[in-house]
Amino acid sequence: MIGWMEFWRLYRKNYGAVGGLFVLIAIVLVAVFAPVIYPVDPFEMVGRPISEPFGDFLLGTDVLGRDILAGLIHGARVSLMIGIVATLCATLVGVVFGALAGYYGGHIDDVLMRITEFFLTIPSFMLAILLVAIFSPSITTIVIAIAAVSWPSVARLTRAEFLTLRDREFVLAYRAMGMPDWQIILGHILPNAMPSIVVVSSLMVATAILTESGLSFLGLGDPNLSTWGHMVGVARGVLRTAWWMTAIPGLTILIAVLAINLIGEGLNDAMNPHLKVR
Amino acid sequence: MTEPVVEIVDLVKHYPVRGSLFRKPEFVHAVDRVSFRLAKGETFAVVGESGCGKTTLAKCLLRLIDADSGAIRLNGEDLLKLDETDLRPKRRAIQIVFQDPYASLDPRQTIYQVIATPLRLHGIGNRKDRPQRVADLLKQVGIGPEYMDRHPHELSGGQRQRVAIARALAVEPEIVILDEPVSSLDMSIQAQVINLLIRLQDTFGISYLMISHNLPLVQHISDRIAVMYLGQFVEVADRDTLKARALHPYTQALFSAAPELDPARRARKKAVLAGDLPSPIDPPTGCRFHTRCPFSQERCVNEAPELRRVEGRDVACHFAGEVDLTALATDAKVSR
Amino acid sequence: MSRILDIRDLTVHFRTTKGTVVAVDRLSMHIDDGETVALVGESGCGKSTTAMSVLRLIPDPPGRIVGGNILFKGTNLLSLGEDEIRAVRGRRIAMIFQDPMMALNPVYTIGDQIAEGLCLHLKMPKAKAIERAVELLAMVGIPEPGKRVREYPHNLSGGMRQRAMIAMALACDPKLLIADEPTTAVDVTVQAQILSLLRDLQARLGMAMLLITHDLGVVAEVAERVIVMYAGRKVEEGPAEEVFRAPAHPYTEGLLASARLASENERFLKEIPGTVPSPFDMPPGCNFEPRCPKAFGKCREHAPALERTGSGREVACFAATENRP
């Protein structure tokens, strides 16, 4: 609805959001071009273990002598991918539940919302741990676990949007015109609900990365992948002596999550301008 | 009248109020046995205040909500008996223009898309001639082609309402329901839109069901008027018959309450109806108006009056013709 | 007859993303003790902005009062400090709004809300304030006021809420009541009740009233004088009956014609063609010129100034003042 020019104009007013965008672009570029710019295998032992940063290796080495910088760069790929894929899955499921519940109401709403609430009553991180532990850790199970705990909030939001929009006169006009329900839901209500859903989803990417980091930290990550959380976990034992080994990946998680949160705010400002200034 | 375009018979709609575990279920008596007919090219108005059920009536006609009982006969066929698939093509015949011109247009669509959507939905025209059809429809309502690429928020209230009218006309309806079509517009724009509606009716022979709380306006453009109170019609008359004399006390109150510009008419005694609208969940027994009616007798509390023919119109009052609210007014106060 | 409110050359700007909007353009008007003056016009004419400016309720940003004085019994309200203007609000000048549901706090009882003003401004103890609240509710015609005073806004009907809001406004005995579209959101029978109540209260309390409305019928029922505004400027002023009988400005004429539904022989209503100009694209001369049936060359180049055409009568129109047919 708002053109790209207008979107950018509103977005760039939020300096934090612009900063976050640059940071994220940098992370994405690094992740994409990782094998080209820094073709070091994060699992390969390349030097003396626990060596300090700014020595032979820019960020030092971990307990097994693996290059920390390599770990960060490759970790970026994994974290981002898990974050995005998990979020997409969660959004898809959540939107379907929320749209049907919000549009049809009545019994359908009751049933769908009870299922949603069931998932909401279980602490999400606990559930994620449970799922991953049961189905043995791999990138697939992690993505599914994260999606499984994230979809309810999307469902709730989508339902709220649909409840509001369903009774708007323009939707009544479509129904009076004889437009089939599925067409109204997909083609006309959903696009109007998109701004809110996009904002929530973007923030969800950050949460997904955090959840994944937490799982990896606990040793429940995919053993074949080096992620930021995994790096923090591995360095737990030498926290007192080699603090940088936990601090560096931890800081990276912080920066990435912060950047995504700021982007989410910027998106909100740009896509829901009517919520801000009256 | 000759075969009416649509005939509504004893329409009833009661909304259940979501009760708790401890209360027996209650119902909002939104529409209670309403009947009327609409002829081709006629304008029939339903006048009433908030809570009288006029919007529910409109939604029942459009089958946006399903009535509990009664019949809606469109050219003889009862719409309430049709399932959704059979109903869909019939929906073309009855369209609606809403009160709020902003909410009634999809904010994400361009004006072109707003008009093209119903055309596409019903397979009217083909991809090649559609732009021309849209342009023609917009021209009929006084919107130039330069607006086709704009979005609703770029148009003024009056312009949006015109677009809403064009959208209703796109499917070539026989009846257009006008739900307070000009209440949200500035006064000078109201006249423009009303005149447009009159011209369109002349051109296309559409029947209008006009829903409004503005009695003077309705008086001007309607052929017949029904006054609605708490889900029921209390008086149904031709425009001129009603103008000459209103028989039901509520109708009299509505006329009396309309602000008067002419100082001479204003000086005449004015009856101000006291009290508030009773709850439609538990409407008064007998005549629903008896709680606010200065003439109510025991009969009114116990026996609900039916619509009967008095002095050339249908009125539901035991004492129709005998009571006059305005005659009671002193310094414009009728207290209860 | 002393002047209770004297607005001189009030100018209010609004900053928007597309530029600055002149919402009110050098408006001057006054209200005498006990008088009812109506400010009439359509959307965007600046009447609500004017009303809000009196009590300095314009949000800044984006609005700003950039010029003029508002004298209330001699004191310039625009030069008062925050504490001082707060002492005026609700106490000496009260305001009622269009939608009572918005103006009333849903989580406090009616009694508490009325008492709040009394406790705040008159330092009344709570118990006494509630007693006074009951009296006020009775004064505005709410039946069983002792019971109602303990109820919440949602327990009341629309008409009663509006009355409750009036009771709140009158609690501290203000000398001026500003009513911003008080009956626009209510049904016509309730409107008649409210207008009757306002007339009644005015007569009893000797209060002046500034009535903001777009409905000429309401003006005719309640106001002694009327000021017609168009696109931020005053275009006509005078005693209500006179202005309605013999309007001088073509816009007023047009409004009256639209409001007075055509007589039986005419099918079509009288319209004013065109629409209100966009605030970013105002005509160079008279604001109304593009839509005016009496416009001539001069109107496009110069904005007409207000001229007195009689006792208490003003009009800003070349056609009117230059006696063109």
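**Where chains B and C meet**

In this predicted model, 33 residues of chain B are in contact with 35 residues of chain C.

*Chain B's side of the contact with chain C*

- Four elements of chain B each give two or more residues to this side: α6 (187–204), α7 (215–221), α9 (249–257) and α10 (263–267).
- Helix α6(B) provides the largest share, nine residues.
- Sorted by class, this side of chain B has 18 nonpolar, nine polar and six charged residues.

*The two domains of chain B*

- Chain B is divided into domain 1 (40–67 + 87–244) and domain 2 (245–336).
- Their C-alpha centres lie 30 Å apart.
- Where these domains touch, 19 residues come from domain 1 of chain B and 21 residues from domain 2 of chain B.
- On the domain 1 side, the elements giving two or more residues are α7, β9 (224–229), β10 (232–238) and α8 (239–244) of chain B.
- Strand β10(B) gives the largest share of that domain 1 side, seven residues.
- By class, the domain 1 side has 12 nonpolar, four polar and three charged residues.

*The largest nonpolar core*

- This core has 283 residues, and B:I177 and C:L210 have the most contacts inside it.
- Helix α3 (residues 68–104) of chain A contributes the largest share of the core, 16 residues.
- Leaving aside residues up to four places away in sequence, B:I177 touches B:A58, B:L61, B:L62, B:I94, B:I96, B:L209 and B:I211.

Notes
Residues are numbered from 1 along each chain as its sequence is written. Chains are lettered from A and ligands numbered from 1 in the order in which they are written. This is a predicted model: local features need pLDDT of at least 70, side-chain atom pairs count only at pLDDT 80 or more; totals for chains, interfaces and linings use all residues. A nonpolar core is a set of buried Ala, Val, Leu, Ile, Met, Phe, Trp, Tyr and Cys residues joined through C-beta atoms within 7 Å. A residue is buried if 20 or more other C-beta atoms lie within 10 Å of its own, exposed if 12 or fewer, and partly exposed in between; C-beta atoms are placed from the backbone. Two residues are in contact if their C-beta atoms, placed from the backbone, lie within 7 Å. Ala, Val, Leu, Ile, Met, Phe, Trp, Tyr, Cys and Pro count as nonpolar, Asp, Glu, Lys and Arg as charged, and the others, Gly among them, as polar. Domain bounds come from an automatic or database domain assignment.
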